[in-house]
Amino acid sequence: MPSVLYSSVSVAVSTRSSHCRRFRDLCSPPPMSLYRRRLIVKAAETDANEAKPEEAPTKTSTNISGSSFNQLLGIKGAAQGTDKWKIRLQLTKPVTWPPLVWGVVCGAAASGHFHWNIDDVAKSVVCMMMSGPFLTGYTQTLNDWYDREIDAINEPYRPIPSGAISENEVITQIWLSLLGGIGLAGLLDVWAGHKTPVIFYLALGGSLVSYIYSAPPLKLKQNGWIGNFALGASYIALPWWAGQASFGTLTPDIVVLTSLYSIAGLGIAIVNDFKSIEGDRASGLQSLPVAFGAEAAKWICVGAIDITQISIAGYLLGAGKPLYALASSGSIIPQVVFQFQYFLKDPVKYDVKYQASAQPFLISGLLVTALATSH
């Protein structure tokens, strides 16, 4: 459109100038000539706009368009709709639930006491609801609330900085998600017959970690190492512990093993930091890409993911479980391939492709480890 307008203006001005040279007696003095040129510009703009009335709306709609499916998942490219329930769901980022749900599956498998009956399946579903939609939903909404100023720089289209949802509505959602998750944790303790409410304590502790991760004055995410490890533990260790406690007993070796796996979770958390470098730097957050630079942070990220899993495979081999160790090692190879194919090339451009390609192999390795520890 700008080029069309410019051409129209140039032709109009050139035509008027030619007439002035031919009929000097009819031309106005220079001041009036300039004034007439302004009028001609206006006319040219009007004519161009009238000639192509459909172009402007098309451009505008492209700028605000997005996917409704992406909105439901809470990922980039989401539509900016007005449906409050879709907006509420978007804040909970359902795309982040599967690792927590899978952690529960691994914990149930590691307990060695899960059976395919109605009672155990129902109990596992409740544990998944607690870990995913409720407590992860609480964590994500809380994080978006305290990141609203950063998101105004990095992702201004998100629900809170864009004003699609009010302050009171966000705070209400945070409280309902938190209380719902803690309530389900108490129910699971009663269901499992615990004398000590282990799952309730885990839910309470995890919620506290989520709060201090996002909220001042501690705001753990300001420190890339501590914050990302806390995030990794929340996504791997805590749901595993909850799933195992729902069907059996937590043991010290499982606590150590899953805490080690949380270092891989630290690496996964770093992946999400690359798209926020500009906002993190402006807000004083020392994420690893900000602290070390994008190039060094890429290798820290893949190192944390790969070395942790290699160590786990070594542990399984040393524990006399070579087949499980082999299966665990086999899940690492495709992850390394996808790291070179996507992540190490461009962690911002290919972050979604990398995670979609590599994460299934990481979580399959988690299940292998869980099955190995159950025997």
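A: Gladly! On a 1 Å grid over the protein atoms alone, a pocket is an open set of points with protein on both sides within 12 Å along at least five of seven lines, while a cavity is a set where a 1.4 Å probe fits but cannot get out; lining residues have an atom within 4 Å of a point. Helices (H or I, at least four residues) are DSSP runs, numbered from the N terminus. This is a predicted model, where local features need pLDDT of at least 70 and side-chain atom pairs count only at pLDDT 80 or more, but totals for chains, interfaces and linings use all residues. Residues are numbered from 1 along each chain as its sequence is written, and side-chain values use heavy atoms, without hydrogens and water.

Q: Which element gives the most to the lining of the second largest pocket?

A: That is α5, with four residues. Among the residues lining this pocket are W85, R88, P133 and Q173. Besides α5 (84-92), both α7 and α10 (167-192) give two or more residues.

Q: What volume does the largest pocket have?

A: A volume is the space filled by probe spheres set on the points, which are joined across faces, edges and corners. For the largest pocket it is about 1,400 Å³. Of its 46 lining residues, V95, T96, N272, K275 and Q355 are the closest to the centre. Helix α19 supplies the largest share of this lining, eight residues.
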